[in-house]
Amino acid sequence: MAPLPAHILIVGGGVFGLSTALSLSRRHPNSQVTLLEASPTIPNPHGSSVDSSRIIRADYSHSTYAKLATEATDLWRRTEWGRDGRYTQNGLLLVYPDGDSTAKDYTTKSYHNVKELGEDAQFLPTKADVLRAAPAYGETLNVAGGYVNWSSGWADAEAGVRFAKQRLDEQGKVCFLTGQVTRLLFSEKDNQTVTGVALANNTTVNADLVILATGAWTGALVDLRGRAVSTGQAIAYMRISDEEQRQLESMPTILNFATGIFIIPPRKNVLKIARHAYGYHNPKVVPVPGSATGETMNISLPEQGVPIPLEGETAFRTALGQLLPTFADRPFINTRICWYTDTPKGDFIVTAHPSYPHLFLATGGSGHAYKFFPVIGDKVVDALEGTLAPELRDLWAWPEAVDENKFKGTEDGSRSGAKGLLLLEELAKGRKAERKGVL
């Protein structure tokens, strides 16, 4: 195992970045590690890792992810990662409706995987069985069957990020900088070897190795067309009563792979409803990274500070009408767009860049990376050392590009909804509908 470089720069202070920093500071104490984050605070209020909750599950149709998630979940359960309310084990209910073979297939494979791993899972072949497992949900629930895994749970996402940052602060081995990266810096000798990054304030940060853990913003720094796309996912919150809180707080999280809708048990009288879908695209024209001729490209990038479109709210109202009918018309107190970095098959990208020496990527979370927070940094460092387990190395290798015009989001059997929705168009439709309503 070759030693890692003396000066390592991690760009991004989310799950991949913080977990990698923790692992590097423990396993390579002689390397000087700097973490550069665009936000002056960690958690970044616009980051995808900052939210009230994330599902912690080993429930995957792919056995390698199921195995790794079991390893991570064990740490959420047994160690300080999950203490002080950062992890709650309430179970996960996966359901599918009649006639959706893709959702049924994903659910069935997932059930068999978690059973093989020794999880406390119970098959629910009928709607009546589903309702017995989660009696708070309504008879209007459109399901044919599913299963419940009582070994699964959920994490307080923002608290987890704060915990990781606090651990790094206490150790004092990682240097934190604030700045917005605009481009990579390359060696003048070959214009290929990465030497650092340039910031929006016209300063630079140099390093022997740059690790991009920049999530949905990565596509502006490295050309990932056909390999990753940023998609916006709808999330909404509503206020509930003390009685409703007591009724729902012990229910399992419900996830319907046919609609992508999931509801995590409420905390502090706030209920969250979200959707794991193909998502919204937000096309922007930006320079092609590394182009010497000023070439541009059109890619989807995050749009910050916008509400969910009417399309998303309508989907939530419909789902609530089935799951919790008394909540269907209740106003949302807040909505937001969470940005995924989707890869064609939902596999992470944890690998050296094939064309740019001294550049490494740790991204491609595809909406399911958070649960791996306690272990993903060690896997990134394994990859840096060349010791990553072959099954993970193959899954997370530099992906083959697919046709970017047909690549609308991850195709792993867990997504739902319309493909190729444009965020700003959908928001405009909502504004138009509001104007018509006023007239």
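**Charged pairs, a helix and a sheet**

Let's start with D394, which is exposed, at a relative accessible area of 53%. For the record, exposed is over 50%, buried is under 20%, and partly exposed is in between, all with a 1.4 Å probe and protein chains only. This is a predicted model, so local features need pLDDT of at least 70 and side-chain atom pairs count only at pLDDT 80 or more, while totals for chains, interfaces and linings use all residues. Residues are numbered from 1 along each chain as its sequence is written, and side-chain values use heavy atoms, with hydrogens and water left out.

So who does D394 pair with? Its side chain meets that of R393 in a salt bridge, at 3.6 Å from N to O. By salt bridge I mean a side-chain nitrogen of Lys or Arg within 4 Å of a carboxyl oxygen of Asp or Glu. R393 is partly exposed, with a relative accessible area of 45%.

Helices here are DSSP runs of H or I with at least four residues, strands are runs of E with at least two, and both are numbered from the N terminus. R27 is partly exposed at 27% relative accessible area, whereas D382 is buried at 15%.

Next pair: E119 and R77 form a salt bridge, 3.7 Å from N to O. E119 is in the loop between α3 (101-116) and β6 (121-124), and R77 is in helix α2 (residues 63-78), so to speak 42 residues away. E119 counts as buried, at 8% relative accessibility, and R77 is partly exposed, at 33%.

Is S19 buried or exposed? It's buried, at 5% relative accessibility. Setting aside neighbours within four places in sequence, S19 is in contact (heavy atoms within 4.5 Å) with G14, F373, V375, I376 and G377.

Now helix α5, residues 157-171. It has 15 residues and reaches 22 Å from its first C-alpha to its last. That's close to the 21 Å expected, where the expected span is 1.5 Å times one less than the number of residues. Which residues of α5 are buried? They are A157, G160, V161, F163, A164, K165 and L168. The buried residues of α5 pack against α1, β3 (54-56), β8 (153-155), β9 (174-178) and α8. After α5 comes G172, with a positive phi near 70°.

Last stop, the sheet. It's an open sheet of three strands in the order β10-β11-β12, paired antiparallel; strands pair if DSSP finds at least two bridges between them. β10 (181-186) and β12 (204-206) are the edge strands, each pairing on one side only. Strand β11 (residues 194-199) pairs with β12 over three bridges, and the bridge partner of A198 is T204 in β12.
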